[in-house]
Amino acid sequence: MSLVKLKFYSPDTSSPTNIPLFETAVQAGFPSPADDPVKKSLDLNTLLISHPAATFFVRVEGESMEGAAIHNGDILIVDRSLKASNRSIIIAVINGEFTVKRVKIQNNTLLLLPENPKFSPIAVSELSDFQVWGVVTYIIHKAS
């Protein structure tokens, strides 16, 4: 099975985390003439957390989701209030073990797909002890 270890954290939304935000976008293609950037303030809690009471952070350990740009050591922002659907990336418990996988519904069968060909999909049967803990909304990782 391709399960990963997860470490859980709760967000602290009691005080804003305001960081300067420049209104001028940074070009990823051809550079544009520099404008005078106008500073605004951005609260990362407001940007990244839609449902504070239903949100938690989790640190990933493992390689099974590298194809979805989820790497060992990344932090996932997970919303328990969202309903998982086909192609969602979720945090789940299956047979007593936590995992992060992509949902695939195929022919009335629920599959938990890794995003690394070294790992196999997990078929969730009626006999499986299975629960969705939340839907991954953001992935935080350090730029290399």
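Which residues form one aromatic cluster? Phe-56, Phe-98 and Trp-133 do.

The model is predicted: local features need pLDDT of at least 70, side-chain atom pairs count only at pLDDT 80 or more, and totals for chains, interfaces and linings use all residues. Numbering runs from 1 along each chain as its sequence is written, and side-chain values use heavy atoms, with hydrogens and water left out.

**Confidence**

The protein chain has a mean pLDDT (the predictor's confidence in each residue, from 0 to 100) of 85, and 82% of its residues reach 70 or more. Strand β10 (residues 130-140) has the highest mean, 96, while strand β2 (residues 18-22) has the lowest, 65. Strands here are DSSP runs of E with at least two residues, helices are runs of H or I with at least four, and both are numbered from the N terminus. Where pLDDT is low, the predicted coordinates should not be read in detail.

**Aromatic cluster**

Rings of Phe, Tyr and Trp (its six-membered ring) pair if their centres lie within 6.5 Å; planes under 30 degrees apart count as stacked, over 60 as edge-to-face and the rest as tilted. By this rule the count comes to 2 aromatic pairs.

| Pair | Centre to centre | Angle between planes | Class |
|---|---|---|---|
| Phe-56 and Trp-133 | 6.4 Å | 90 degrees | edge-to-face |
| Phe-98 and Trp-133 | 4.7 Å | 90 degrees | edge-to-face |

Phe-56 is in strand β4 (residues 55-61) and Trp-133 in strand β10, so their pair ties together parts 77 residues apart in sequence. Phe-98 belongs to strand β7 (residues 97-106), so the pair of Phe-98 with Trp-133 in strand β10 links parts 35 residues apart in sequence.

Accessibility is classed as buried under 20% relative accessible area, exposed over 50% and partly exposed in between (1.4 Å probe, protein chains only). Phe-56 is buried, at 9%. Phe-98 is partly exposed, at 24%, and Trp-133 is partly exposed, at 25%.

Arg-80 lies over the face of Trp-133, 4.9 Å from the ring centre. The criterion for a charge over a ring is NZ of Lys or CZ of Arg within 6 Å of the ring centre and within 35 degrees of the ring normal.

**Asn-45**

Asn-45 is part of helix α1 (residues 44-48). With a relative accessibility of 14%, Asn-45 counts as buried. Leaving aside residues up to four places away in sequence, Asn-45 contacts (heavy atoms within 4.5 Å) Asp-12, Thr-13, Ser-15 and Thr-17.
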